[in-house]
Amino acid sequence: MFGWCWTAAESSGQSLVSRLGRSTESKSDEIPSVTRQRIRRVEGEDKTKGGIIIPDTVKEKPQEGDVVGVGPGARDESGKLQPLEMVTMSDSDLPPQSRLAPRAECRKPALFRNYSYEVHEMAHAALAPVRAVSDAAHFVFRNPWNPLSYTAFGRNVSAGAELFERMTRRYGKPTFGLDEIEVDGVVYPVLEDVVWSRPFCNLLRFVRPDYPDGDKQPKLLIVGPMSGHYATLLRGTVEAFLPHYDVYITDWTDARMVPFALGTFDLDDYIDYLRAMLDHLGPGVHTLGVCQPSVPLLAAVALMEARDDPNAPASMTLMGGPIDTRRSPTEVNKFAERHGVEWFRRNCLHMMPFPFPGFGREVYPGFLQLSGFMAMNLDRHVNAHVDMFNHLVNADGDSAEKHRDFYDEYLAVMDLDAAYYIQTIETVFIRHALPKGEMMHRGERVDPTAIRNCGLMTVEGEKDDITGAGWTQAAQELCVNIPAARKQHYLQLEVGHYGVFNGSRFREEIAPRIRKFIARIEEKPATPIGRRKRAAKRATVETCRRTELDARTPPFLQPIQRSGPAQPQAA
């Protein structure tokens with residue numbers, strides 16, 4: 001099946017219009033006339049690299065074609081044939097919506113237009129009775145009072161029923177489950193406390209009421225990613241630092257649970273939230289950004305130091321973040337650059353249906369994000385579920401429980417506000433605004449060179465297939481004014497993206513290095529620029545014979561200083 005595009009140049013030669021249609025049969029008997037050209041569209045891919053067949057309804061139609069016929073040209077008033085002019089154009093000269101001709105009206109079907117949020121909810125509701133039957137079968141065939149539960153048939157039915165229920169379940173927000181920590185054989189209770197709250201985020205503090213000198217330990221703010229998964233994905237990260245720091249973490253809210261009346265949320269709001277949290281925690285806080293928040297965290301620190309904010313953090317550790325995605329581009333950002341932001345706006349955004357609290361809000365659904373995550377390693381996830389089935393049949397409870405723990409977390413996803421999603425795609429992955437020095441925050445340019453006091457550590461994983469090599473390390477080159485003694489980069493071998501902030505290698509190799517880096521920053525705190533400026537200002541005050549109070553007074557309230565002799569005042 002081919003797609004055909006007829007183009008015609010107007011006699012004035014000032015515009016070019018194209019019309020796109022489809023045909024299932026050959027049109028070789030149709031000869032292009034006058035100025036028309038006949039173009040045959042190049043066929044799209046039928047399968048993915050993993051071998052999955054792409055249905056015609058969601059197959060992307062390539063915007064390229066072969067010219068198979070050209071008309072002879074138009075004639076002027078005297079009947080003389082006007083020769084056609086050939087213009088060679090590159091792909092970059094044409095709009096992203098069409099590579100066939102300028103101003104081509106070639107429309108591609110939206111990838112998920114027919115699979116809206118309403119259809120997803122309807123499918124989930126339609127499967128509810130089947131899930132109920134599956135739950136009942138699972139309960140019956142694993143009941144120890146049922147003799148069939150000890151047979152191969154009973155174990156297979158029970159395993160299949162559990163697997164079906166888990167694959168069609170809607171996973172809710174997990175809990176951190178960090179109720180206690182053990183240090184040197186002593187167990188200390190841990191409590192969760194919300195210390196700061198906004199519509200789209202809560203700032204959680206892990207309180208250790210009986211921990212000795214816990215309040216005297218440095219504060220550590222862990223900035224979790226707002227990229228589809230909940231903050232509980234960083235449970236292992238929090239647990240590794242709890243004995244050593246007063247730990248706080250950003251707990252982002254599912255956009256479908258935020259009423260539309262409370263407004264939207266974008267990347268600028270994300271940066272404002274981080275600055276407000278740092279103001280709430282006070283000076284000397286150490287920050288740790290995992291994956292996506294590396295960009296807004298770096299931007300927030302740059303803006304705070306540019307204004308000599310005393311609450312700017314003492315250090316920031318960026319782990320697997322997309323600072324400069326032009327380096328070692330992965331399939332994710334190649335896809336983003338190839339399609340442009342309008343493709344994402346057209347295909348990935350959906351209106352939140354009733355009866356969710358966020359009814360009417362435009363969001364990037366979590367189920368689409370999860371589909372993208374799983375499609376990157378589909379064979380691995382399929383094999384994991386097959387292994388889960390075998391573990392259940394063979395009564396390998398420990399292995400099955402590990403599978404449950406991982407996928408209970410991995411399959412729990414949240415929706416993102418459309419404004420935040422689109423602005424992040426455009427700013428980070430398409431325009432590369434931060435490394436180019438073009439990133440703006442509410443009219444103010446984000447300048448990484450303004451960072452002089454905050455320590456910087458970057459961490460990457462050797463086998464990270466989401467964040468490419470050098471993406472995070474680029475922050476070291478952008479922050480040129482941070483002293484070398486306060487900068488460090490570490491590449492962890494044999495770990496992927498998840499292993500950068502979780503797992504045995506994180507606990508044994510990455511976390512100890514982060515603690516040593518923070519300890520080094522604590523030993524030699526930087527002298528804030530503001531203090532040096534105040535010292536210089538005091539010297540100027542003494543020279544001009546002004547008071548310290550005048551020096552602290554805002555400029556618009558200070559008395560005007562005249563350089564000439566004092567004028568006599570009128571009586």
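Is Asp-184 buried or exposed? I looked it up first, and Asp-184 counts as exposed, at 76% relative accessibility.

A note to myself before going on. This is a predicted model, where local features need pLDDT of at least 70, side-chain atom pairs count only at pLDDT 80 or more, and totals for chains, interfaces and linings use all residues. Residues are numbered from 1 along each chain as its sequence is written, and side-chain values use heavy atoms, with hydrogens and water left out.

Asp-184 sits in the loop between strand 5 (180–183) and strand 6 (186–189). Helices (H or I, at least four residues) and strands (E, at least two) are DSSP runs, numbered from the N terminus. I checked the phi of Asp-184 and got a positive value near 55°, in a residue other than glycine. His-432 also isn't a glycine, and its phi is positive at about 50°. I found His-432 in the loop between helix 12 (418–430) and helix 13 (433–436). His-432 is buried, with a relative accessible area of 5%.

Then I looked at a peptide bond: the one joining Phe-354 and Pro-355 is cis, with omega about 15°. Pro-355 belongs to the loop between strand 13 and strand 14.

**Arg-361**

Arg-361 is in the loop between strand 13 (350–351) and strand 14 (362–364). I get 1% relative accessibility for Arg-361, which means buried. Its side chain makes a polar contact of 2.7 Å with that of Asp-417. (A polar contact is a pair of N or O atoms within 3.5 Å; within protein, one must be able to donate a hydrogen and the other to accept it, and residues adjacent in sequence count only if both atoms are side-chain atoms.) Leaving aside neighbours within four places in sequence, I see Arg-361 in contact (heavy atoms within 4.5 Å) with residues including Phe-200, Pro-259, His-350 and Asp-417.

**Rings**

I counted 26 aromatic pairs in the structure. One of them is Phe-406 with Tyr-410, stacked at 5.4 Å centre to centre, with 15° between the planes. (Rings of Phe, Tyr and Trp, its six-membered ring, pair if their centres lie within 6.5 Å; planes under 30 degrees apart count as stacked, over 60 as edge-to-face and the rest as tilted.) Both residues lie in helix 11 (residues 397–410), four residues apart, about one turn of the helix. Phe-406 is partly exposed at 33% relative accessibility, whereas Tyr-410 is buried at 14%.

I also noted one aromatic cluster, with Trp-196, Phe-200 and Trp-252 among its members.

Eight strands form an open sheet of mixed pairing, in the order 7-8-10-9-11-12-18-19. Strand 7 (191–198) and strand 19 (487–492) are the edges, each pairing on one side only. (Two strands pair if DSSP finds at least two bridges between them.) I looked inside the sheet too: strand 9 (residues 219–223) and strand 10 (residues 246–252) pair in the parallel sense over four bridges. There, Lys-219 stands opposite Asp-246 in strand 10.

How values were computed: Buried < 20%, exposed > 50% of the residue type's maximum accessible area, 1.4 Å probe, protein only.
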